[in-house]
Amino acid sequence: MFSRIAVHLDNGVDCARRIDVGLSLAKAHDAHLTGVFASYMLPGYFYDAAGLWVRSIDMAREMNTRGRAAVQATFNQAAQDAGVAVSWRQGDDAPAECAARHARYSDVLIISQQNAYDLYAATGNNFVEQTILTAGRPVIVLPTVGAFPHIGTRILYCWDRGREAARAIADAAPLLRNARALRVLAGTHDPDANPEADVPFEDLAAYCACHGFPSPEQESRSTSDTVIGDAILSAAADFNADLIVMGAYGHSRMHEWVMGGATRTLLTAMTVPVLFSH
């Protein structure tokens with residue numbers, strides 16, 4: 001079971017959906033929920049009292065403070081109505097740094113897919129990628145479209161026998177124990193890997209049985225890095241999955257966050273929530 005869950009909050013349109021998912025997950029696991037407000041309002045041009053355009057950092061901060069107070073009130077009221085214990089955290093540093101820092105004291109963090117049209121979210125560039133790669137905790141990313149009353153009843157797990165995939169199934173254990181069905185999309189991340197050195201599927205099935213996960217169904221599809229993301233989405237649709245569990249491949253280079261091909265595809269075109277582990 002998850003004991004402590006964190007949810008990213010901001011002034012954006014997707015915030016309410018994250019609150020709903022966070023409260024639902026916290027209630028299912030009898031967990032504490034921490035709301036992490038991580039957002040900034042960049043200085044911009046606003047109308048002053050005389051109706052003139054003015055550039056003001058103080059005005060931007062004031063707008064962000066008002067929005068933060070409204071989000072906090074909404075969050076606390078929703079938690080009270082749901083009967084979930086909550087706490088509030090916030091910071092004035094970069095949103096990704098703030099969210100990742102507070103996520104380290106939780107079992108999982110809930111964020112949303114990047115939405116370029118949601119200007120009020122004000123999370124900056126590469127928020128999702130930076131958070132996934134630096135949090136040190138599994139991150140559930142919600143698509144910007146859709147309702148998700150249930151997450152984790154039918155799980156698609158992406159297994160390429162690699163380090164990140166191994167971490168992912170362990171990180172998702174609290175969800176897998178309550179799942180009704182589990183399908184494993186198998187492949188190899190390294191095209192030059194020796195097939196005789198692969199761990200047999202029976203060992204993965206035994207691991208699932210030992211931890212009380214559903215008996216896994218095995219499926220194989222093309223694993224070329226240019227198409228694996230599409231294959232994952234197709235497999236998830238065919239399985240009617242409500243959660244994808246996968247390792248996130250990536251690294252930072254000169255402050256530019258570079259993700260693997262499958263990870264990029266999922267972050268761009270996800271249709272169901274994805275638990276990323278790195």
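User: Which strands does helix α1 lie across in this predicted model?

Analyst: Helix α1 (residues 15–29) lies across β1 (4–9), β2 (32–37), β6 (108–112) and β7. The model is predicted.

User: How do you know how α1 runs relative to β1?

Analyst: The angle to β1 is about 175°.

User: Why is α3 called roughly parallel to α4?

Analyst: The axes of α3 (residues 95–103) and α4 (residues 127–134) cross at roughly 30°. The cut-off for roughly parallel is under 35 degrees. That crossing angle therefore makes α3 roughly parallel to α4. The axes come within 9 Å, and the crossing is right-handed.

User: Which residues of α3 and α4 meet?

Analyst: Pro95, Ala96, Ala99 and Ala100 in α3 meet Phe127, Gln130, Thr131 and Thr134 in α4. The residues of this contact divide into 5 nonpolar, 3 polar and no charged. Ala, Phe and Pro count as nonpolar.

User: What makes β5 and β10 edge strands?

Analyst: The open sheet has 10 strands, in the order β5-β2-β1-β6-β7-β14-β11-β8-β9-β10. Strands β5 (86–90) and β10 (217–220) each pair on one side only. The pairing in the sheet is mixed. Its twist averages 25° from one strand to the next.

User: How do you know that β7 and β14 pair?

Analyst: Pairing needs at least two bridges. Strands β7 (residues 139–142) and β14 (residues 274–277) have 3 bridges, so they count as paired, in the antiparallel sense. Ile140 stands opposite Leu275 in β14.

Definitions and conventions. Residues are numbered from 1 along each chain as its sequence is written. This is a predicted model: local features need pLDDT of at least 70, side-chain atom pairs count only at pLDDT 80 or more; totals for chains, interfaces and linings use all residues. Side-chain values use heavy atoms; hydrogens and water are left out. Axes are lines fitted to C-alpha atoms, for helices over the stretch in contact, and angles run from 0 to 180 degrees between N-to-C directions. Helices (H or I, at least four residues) and strands (E, at least two) are DSSP runs, numbered from the N terminus. Angles under 35 degrees count as roughly parallel, over 145 as roughly antiparallel, 65 to 115 as roughly perpendicular and the rest as oblique. A crossing is left-handed if the near helix is turned anticlockwise from the far one by less than a right angle, and right-handed if clockwise. Contact means heavy atoms within 4.5 Å.
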